[in-house]
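Open the model in your viewer and follow the selections below in order.

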Amino acid sequence: MSSVYELLVAFDPHGLRDSAKGWKALAHAVESTGTRHRNQVNGPLHQAGTPATLGLDQSAYDKRKAALQTIKNKLEDTANTKDEEHQMFLLGIDPEAYEGDGRAIVATGNPDKATHTAVFVPGTNTEFNGVPGQIDLIRRLQGNAKGNAEPGETVSVISYLGYDTPESLLEAGNPQRGKDGADDMRRFSDGLRVAHGEPKTHLTYVAHSYGTYAVGVAASGGDGLHADDIIALGSPGMGVDEAKELQTNPDHVWISEAEDDPTRLVGGYTLGPGPHIIGFGGNNLYTDTSGHGGYWNENSDSFNNQGKIIAGKQPEVDPKEIVIGGFIPIWH
Amino acid sequence: MTRPSTRRSDTGTGTRLKRLLAVALMVATLGACMSNPGTGKYDPLPVKSQQETLDWARQLIAHLVQTVGIEINSEPEEAGFHPCIGRNGESAPDGRYTLLYFVHSDVPGARHNDVVRSARDLLTKEGLKVTVYREATDTKPSVALWTRHPESNYTVRVDSTSDKRMALSVTTPCLMPPSASPAPTQ
């Protein structure tokens, strides 16, 4: 019997194809970041189909296997959908990347052709086994953005588990993983832009938690991410002192910070100032959710705001926050 | 952004009567759909089939557009059933879901303020709370009305998408399908 890995890599209805010029560029960009093409990924995964060869205990193996099976099922569910906007695209997958934390880049809707494309970058504690949940999330984001878009406009949302996310709060204070992932993220964005061609389509990065730091570092270095909008949810810092360093119009940098999000306490230390404070610039989003994990609660206004931005619409904003005494920039 | 505003639009007797009837029908509809929602963290989820939920959302929007005097345009409705996602990205395998429902209406920009005022009046009478209310101005030409039912936790929103079009949407909290829930007809 085939392993789930084999089933998944053998099933590739749309992902990693290189027939269309756009996908060539994107596949090349993904390849260059370390994600293997389907034919290349077959070999290692075929050989790594047991807990022993993967170096996993049975419980971890079972969870990994279940995640792969769920991803495969979700891809299959949309394989025969005539409307390309509702198809899933597997852009890159490597469950063994980052010392087994895994790498997966999956899109709902064709990012080559969409009027509006969003890249969702998760943060701490998001590993391969969480990819099915990420897929559910990007589909809901896509649905919300589609409802806010203009007639005939299409939306694609990508789940980008393409850097080594921290596994713990302790690790989340270390800037190294964000820095390590910046080149890959920029190459990925370059690939998206090449695939889009002219006229430029609308590109939004939506990042959560440590993902906002990873996006901040990638956006502020090199040629940046070429993003039209950047949304930072529950940010512990974006690696810059001001929004204008992100190489995106600061009027299109959006920060959502719940009143009781504990990341409020870490701004100014190792990852940069909290972007919700007044000196950072950008816009604070009206946020009606609580805690660090509530930004995409099913029917929250916070979530609706994200959909509006992805669709190029004006979200609801709140004033920037004044912190008495500002912050001490010891993170430099 | 104003949350909330206290402005009210003028209405004639006939219109008021129609609105009262519409509100009464909506109360009955919503009461049947979202009864006993529970307010505690560990309360059971409301049970409703996807088809029933979609029918309810369609009916709610139909009453809304009729009352405020606009029409749903010919664009396809966007009705998406999505798995509920936990705060750590987890989802349960029992079919629990939310509905994200959008329709659109072609409305000249000059009427957007009237529409959003009328919609606010209707929805607040129904018991929904306004979380965002914004009328169009010269500097910000789009309107926004976001409302939420305080107990059932569903939302109804009305937004300008351009100077000639509005989006009307309903989202639900997490709902549990009954066993062998029928598939929705779209």
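Select A:Ile230 first. Apart from neighbours within four places in sequence, A:Ile230 is in contact with A:Tyr205, A:Val215, A:Ala219, A:Leu246, A:Thr248, A:Val253 and A:Trp254; contact means C-beta atoms, placed from the backbone, within 7 Å. This is a predicted model, in which local features need pLDDT of at least 70, side-chain atom pairs count only at pLDDT 80 or more, and totals for chains, interfaces and linings use all residues. Residues are numbered from 1 along each chain as its sequence is written, while chains are lettered from A and ligands numbered from 1 in the order in which they are written.

Helices (H or I, at least four residues) and strands (E, at least two) are DSSP runs, numbered from the N terminus. Of the 186 residues in chain B, 42% are buried, with 20 or more other C-beta atoms within 10 Å of their own, C-beta atoms being placed from the backbone.

Finally, bring chain A back and select the contact, with 29 residues from chain A and 32 residues from chain B. On the chain A side, α7 (131-148) and α10 (301-310) each supply at least two residues; α7(A) gives the most, eleven residues.

Conventions. Two residues are in contact if their C-beta atoms, placed from the backbone, lie within 7 Å. A residue is buried if 20 or more other C-beta atoms lie within 10 Å of its own, exposed if 12 or fewer, and partly exposed in between; C-beta atoms are placed from the backbone.
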